[in-house]
Amino acid sequence: MVSPAVARFAVGILGNIISFSLYLSPMPTFIRICKKGSVEQYSATPYLLTFLNCMLWTIYGMPFIQPNNILLSTISASGCLIESIYLMLFIINTENKKKKITLIILVLGEILAVGIALALVLTFMHTSKDRTRIFGLLGDVSGVLMYASPLAVMKQVVKTKSVEYMPLAVSVTCFGSAVIWTLYAIRPFDPYVVSTKQQMAAKEVAEIEKVEMGLKEIIVVTREPNKVNNLPENDYPTLQENDYPTLAENDCPTLKQKENDFDTNI
């Protein structure tokens, strides 16, 4: 029989793989941004919050904070690296100088804030339990904000009937990551990891359902090949009885007439 420690380690490895896929899922977006040289209507908020969240969970998984949680620390550190690259590309391709400066200040502010929090915890908290509680709560708050951030574009998704700026793949991988890390935190029970991941899973399910509801529409193609009309169900064009072609009675030869013609020819 597999021991709980081995099972937990296996789930942690699977969680690392899925989470790594989650961090890589915005790559098509940044390939597009680099090709166009513009961030268009994309928001930097999800990447800022993910970067902050990854920094906090990296520290949380360190032996001097929470022993025996190295798998959480390694994947979070990978997320820090990937998100920092995304933010650098976002800054480079932001055309508005004011927004670019604001973004740089926010990134540096996050790093400074996490550094100050770590210094204070290490200075005034001398037990693993106290340190775990502080960084666990900070990680929970940042996790909720991070996974709620894509909802900021929900209004645009419903209005434009397009998920162009909110790829479904990101939401699906978020949900998968939440499920795996919830299982990882069950035994030994880690209330901080479980709390964040359960809320994340619930938000992702709600997000996917809202997108699906927002995209339900009826599409009618007109005679113009490049034009599409979105019409309500009751606006479908219908054919009236008079629209059907009719033939006069004399326009159709009767069977009797055909028989007479045949007899004549004989």
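Predicted model: local features only at pLDDT ≥ 70, side-chain atom pairs only at ≥ 80, totals over all residues.
The protein has a mean pLDDT of 74, and 64% of its residues reach 70 or more. Among its elements, helix α5, residues 97–124, has the highest mean pLDDT, at 95, while strand β1, residues 219–221, has the lowest, at 39. Over residues 215–252 the pLDDT stays under 50, and for this stretch the model has 23 contacts beyond four places in sequence.

I turn now to the helices and the record. An unreviewed UniProt entry lists residues 6–25, 46–65, 71–91, 103–122, 134–153 and 165–186 under "transmembrane region". I have looked at two of these spans in the model. Residues 6–25 are 95% helix and 0% strand, with end C-alpha atoms 29 Å apart. Residues 71–91 are 100% helix and 0% strand, and there the end C-alpha atoms lie 30 Å apart.

Several residues of α6 are buried, among them R131, F135, D140 and Y147.

Next, the cysteines. C54 counts as buried, at 1% relative accessibility. C34, by contrast, is partly exposed, with a relative accessible area of 40%.

Finally, the aromatic residues. The whole structure holds six aromatic pairs. In one of them, F30 and Y86, the ring centres are 4.6 Å apart and the planes stand at 5°, so the pair is stacked. Because F30 lies in helix α2, residues 27–36, and Y86 in helix α4, residues 70–92, the pair ties together parts that are 56 residues apart in sequence. F30 and Y86 are buried. Together with Y47 and F90, they form one aromatic cluster.

A further pair is W57 and Y60. Their ring centres are 4.9 Å apart with planes at 75°, so this pair is edge-to-face. Why are they about one helical turn apart? W57 and Y60 are three residues apart in helix α3, residues 45–60. In general, an α-helix has 3.6 residues a turn, so residues three or four places apart point the same way. Both W57 and Y60 are buried.

How values were computed
Residues numbered from 1 in each chain as written. Heavy atoms only, no water. Buried < 20%, exposed > 50% of the residue type's maximum accessible area, 1.4 Å probe, protein only. Helix = DSSP H or I, 4+ residues; strand = E, 2+ residues; numbered from the N terminus. UniProt positions renumbered as here; feature names shortened; annotations may be inferred. pLDDT = per-residue confidence, 0-100. Contact = heavy atoms within 4.5 Å. Phe/Tyr/Trp six-rings, centres within 6.5 Å; stacked < 30°, edge-to-face > 60°.
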